Amino acid sequence: MKKNGVKTKMEKKMKQKKPIFFLLAVTLLFAGNINSASAQNLEALSDYSIKLAISPSHLESAVHEHNVGYIFVLSKHGVPITSSNDVPISLSSDDPSIASVPDKIILKANEEFALFPIITSEKSGSTTITANLDGKITFQKINVGTDETYLPDNLILELNLPTNNMHVNSEMPFTVFLKTDDGVIVRAPNDVDILLEYDGLLATTNSQMLTIKKGDYYAWGTISAHEKVGNTFIRAIHEDSGLDIAKSIQISSTLPTSLQLSISPKLIPAEFDRYLNIFVSVVDSDGNPTKTPDDIPLDFFSSEQYPIGENLDKISQLVEKPMIKKNQFGYLLQQKYSLQNLLENDILIGVSSKGYGTATDTFRTVGQSIEMDQRNRPTDYNYDDKEYDTTVNVLGLNKIPSNATAFFTYQLSMIEEDDDDDGFRSDGSEIKIHPDCLQESDDNSGDSDSEITHNTELDPEDIILYTIDCLEEDELYPIQSNENQYSDGFVQKINVISSDDQIATIENGGKITSSYSYGTATISTGQKTGPVKISASINGVGTGSFTTEVINTLEQKEVRLFSPTGDENIIFDRDGYFDMFVIALDAKERPKIMKETGKYLITPTNGLVEIQKDNTFTFTQLRSDSFNVSESETDIVLTVEPIGENANLDLEGSANFNTHPTSQIQVSLPVEKINANHQENIGIVQLVDLQGNPVIPKFDVKSKIVSSKDSVAQIIDDAVIPAGSSYASFQIKTTGSIGNALITASAKGVNGTSVYLTTASSQSQLKIFTGGLDSEIPVDEPVEFRLFVDDENADSVSGASIKINANSEDAIITPNVIRTGSDGSATISLTALKGPDISFEIIATAEGYAEGKDSFTVNVDAPEKIFDSVDLELPEWIIYIVIGGILMVGVVVFLFLRKSKTDLEEEWEEEEEL
């Protein structure tokens with residue numbers, strides 16, 4: 001029924017004058033709080049529900065018992081409450097083969113929830129768990145394992161190679177993976193097959209299909225090059241999505257593929273019995289010098305059959321045929337030729353061998369022989385006397401292999417200066433060009449000769465080198481020694497040195513015999529590679545040098561870190577583990593076949609890895625505690641360096657990577673609202689991948705859990721997810737305050753997450769109303785009125801206990817404790833003892849409801865006082881003094897009047913006696 005009374009508020013004026021009243025009030029206050037948190041008799045409640053929660057709701061597939069099921073009893077406001085009695089609850093699973101539960105559990109009296117186990121199997125899938133309490137049903141779906149079979153639509157297929165170069169008969173790894181168009185590498189929800197295509201003539205892969213296993217991010221295989229050189233390819237195809245990608249691989253070889261011929265010196269007098277150094281070497285497919293695994297026989301020829309060609313023919317027909325022998329890189333032919341009638345440019349000498357082709361080189365002859373003591377000489381044809389500077393010209397190959405024998409030629413030379421070949425003398429007379437410098441030709445005429453006045457107007461390649469004057473500025477002309485010169489301590493000393501004996505050592509400095517212009521030095525190279533300068537100095541002539549490079553194309557020049565998920569990306573799991581390939585590369589960035597096992601240290605992971613003998617790479621799984629990533633990605637630098645005896649520190653290198661965590665720590669709550677007055681509340685943290693699937697750590701994972709408002713909810717301890725499990729629970733302590741707080745979970749090496757927590761009261765707030773109470777009541781007369789108690793939904797609450805507190809000096813209330821009837825009302829008698837108003841407080845309590853409290857003020861119709869200290873605005877003690885004074889005056893008047901009356905009576909008596 002509706003109430004006619006009017007709810008009023010008042011200012012509390014009651015003053016406690018006795019300590020016992022205060023003690024009673026405190027006692028009542030605590031009693032009210034205790035009552036608000038008391039358990040509920042569910043049989044007396046008609047409007048409640050039950051809540052089944054599975055947290056976490058996604059579990060790994062394995063035979064295991066998970067204590068992650070929760071049963072709550074909720075008030076009609078959705079807030080957990082406790083029961084005053086044990087409550088049996090029935091449970092069932094739609095598919096026990098995926099997840100099974102007990103048939104029945106007990107929610108014990110006064111406990112906030114019941115925890116029950118869920119038993120999973122190896123089978124993946126989803127099922128629904130149902131709970132039943134007296135016809136009240138609740139259920140929740142649970143996922144076990146991963147049954148996802150779909151991939152995102154925005155996919156890109158990647159084929160990842162450590163290098164695009166290979167050596168014949170070598171092997172290297174490669175990987176395939178899928179990523180989204182924004183660069184996120186996809187974890188395979190199921191097995192993903194990638195087909196491979198390649199040119200089997202040049203190279204083959206170890207399989208025609210790679211499978212990215214369920215839960216993995218990539219798959220890797222190997223490609224092996226055969227014995228042929230060329231350009232090949234590898235193609236990856238994902239048929240389901242129609243994606244494909246191809247990359248080319250250039251296959252080269254350090255095996256000899258062709259010949260190279262070098263003649264020295266380049267200028268030699270056209271005289272009788274002249275020697276030439278003809279050096280034939282083998283080069284690989286890249287043009288680099290190499291060694292031959294087999295003997296290579298050689299056949300020589302020349303563009304000048306007589307006398308050079310005939311001589312070479314005889315050599316090629318010898319029983320001991322010229323050849324480059326096994327494990328060598330060249331052959332030196334030193335043969336004497338009679339060149340007195342051969343004054344010519346570009347005399348060609350060639351060499352051939354079956355399977356290696358042909359190689360040629362040229363030299364030139366000069367017509368005038370000059371000895372060392374003739375460098376100061378008069379010239380013909382009215383030329384001035386000339387004084388030539390001299391030097392030593394050193395010749396050799398630009399590249400030579402390591403661990404080999406090579407030859408260098410040094411030659412005595414004069415330096416040409418054109419400023420005295422033509423022009424004008426100091427007296428003004430003209431210096432005409434030397435006639436021997438003109439090219440002899442049947443087409444030449446006198447007129448054409450007269451047109452040429454300077455050497456600079458001639459084509460140097462067409463000039464027959466009769467004299468030094470036919471050369472261009474700073475060119476060198478051979479001069480012949482007039483005596484034997486040695487490099488072993490004779491007077492005319494020849495000194496041949498190497499700039500680095502560890503790269504190349506002078507084995508024999510050679511000699512220059514009388515009437516010859518050059519000598520030959522023999523050097524041997526070692527294991528060390530790099531540039532080296534060969535210098536020759538000859539007393540009385542000068543010095544010269546030549547820089548060559550000792551190379552070993554099969555020598556390891558680099559150790560490369562190759563991430564299977566891209567050149568600049570590494571994906572690591574929760575424990576800091578990530579995959580990495582370590583590959584040995586040669587100077588041409590080709591996988592290097594190790595002759596000995598190589599050991600390497602990778603920092604900051606402090607991982608020790610080995611590339612075994614006869615292999616080119618190794619696969620390793622590294623771990624680092626330095627990956628402290630909480631969000632998205634972070635740059636790191638990995639450094640690899642060789643270790644061990646005689647380790648080549650030049651191989652040390654580093655690479656930058658973007659690190660990507662593969663998991664996150666997810667925080668969840670079994671219920672959306674928690675009871676602000678319940679102390680034991682549960683939260684759960686779980687490790688999941690970026691697709692929400694459970695992740696099982698190999699080590700304990702310590703989380704950090706914080707509340708944004710400790711005044712609402714507090715985290716007691718940080719949860720530790722144990723190794724072998726994906727989740728752990730933690731306790732939440734409430735303070736009794738109602739509100740919201742953000743619960744955030746984080747852990748090292750994973751992304752963090754947050755969830756909102758809401759605290760609420762499980763009980764409806766009682767509301768108090770009055771009825772039949774006038775705005776003003778008379779003093780000292782009892783007045784009856786009614787009190788009404790409702791809940792928050794304006795429904796009457798029967799049986800509610802009502803306690804009324806009032807100052808006994810102000811009013812008498814009977815009864816001061818009463819219960820509401822079936823209509824939620826109670827009748828009270830109120831007698832006001834004084835005015836002008838009185839105040840009282842009403843407290844209403846009922847089982848299952850939050851305490852209601854209100855204060856009321858009622859005006860009282862009481863006679864006004866003659867003296868009112870308030871109206872006079874005087875202190876109360878002054879009023880008492882005034883009243884006391886009036887009383888004293890009255891007493892004095894009374895005594896005076898009595899005295900006067902006594903005296904009068906005495907006078908009357910005296911008169912009567914008279």
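Aspartate 474 lies in the loop between helix H3 (446-451) and strand E36 (476-478), where helices (H or I, at least four residues) and strands (E, at least two) are DSSP runs numbered from the N terminus. This is a predicted model, in which local features need pLDDT of at least 70, side-chain atom pairs count only at pLDDT 80 or more, and totals for chains, interfaces and linings use all residues. Residues are numbered from 1 along each chain as its sequence is written, and side-chain values use heavy atoms, with hydrogens and water left out.

Although aspartate 474 is not a glycine, its phi is positive, near 70°, and the residue is exposed, with a relative accessible area of 52%; exposed means over 50%, buried under 20% and partly exposed in between, for a 1.4 Å probe and protein chains only. Asparagine 327, in the loop between strand E25 (323-324) and strand E26 (330-337), also has a positive phi, of about 70°, and counts as exposed at 52% relative accessibility.

## Cis peptide bonds

Serine 55 and proline 56 are joined by a cis peptide bond with omega about 0°, and proline 56 is found in the loop between strand E1 (48-54) and strand E2 (58-59). The bond from threonine 814 to proline 815 is cis as well, with omega near -15°, and proline 815 is found in the loop between strand E66 (811-814) and strand E67 (817-819).

## The chain as a whole

The protein chain contains four helices and 71 strands, and 45% of its 914 residues count as buried.
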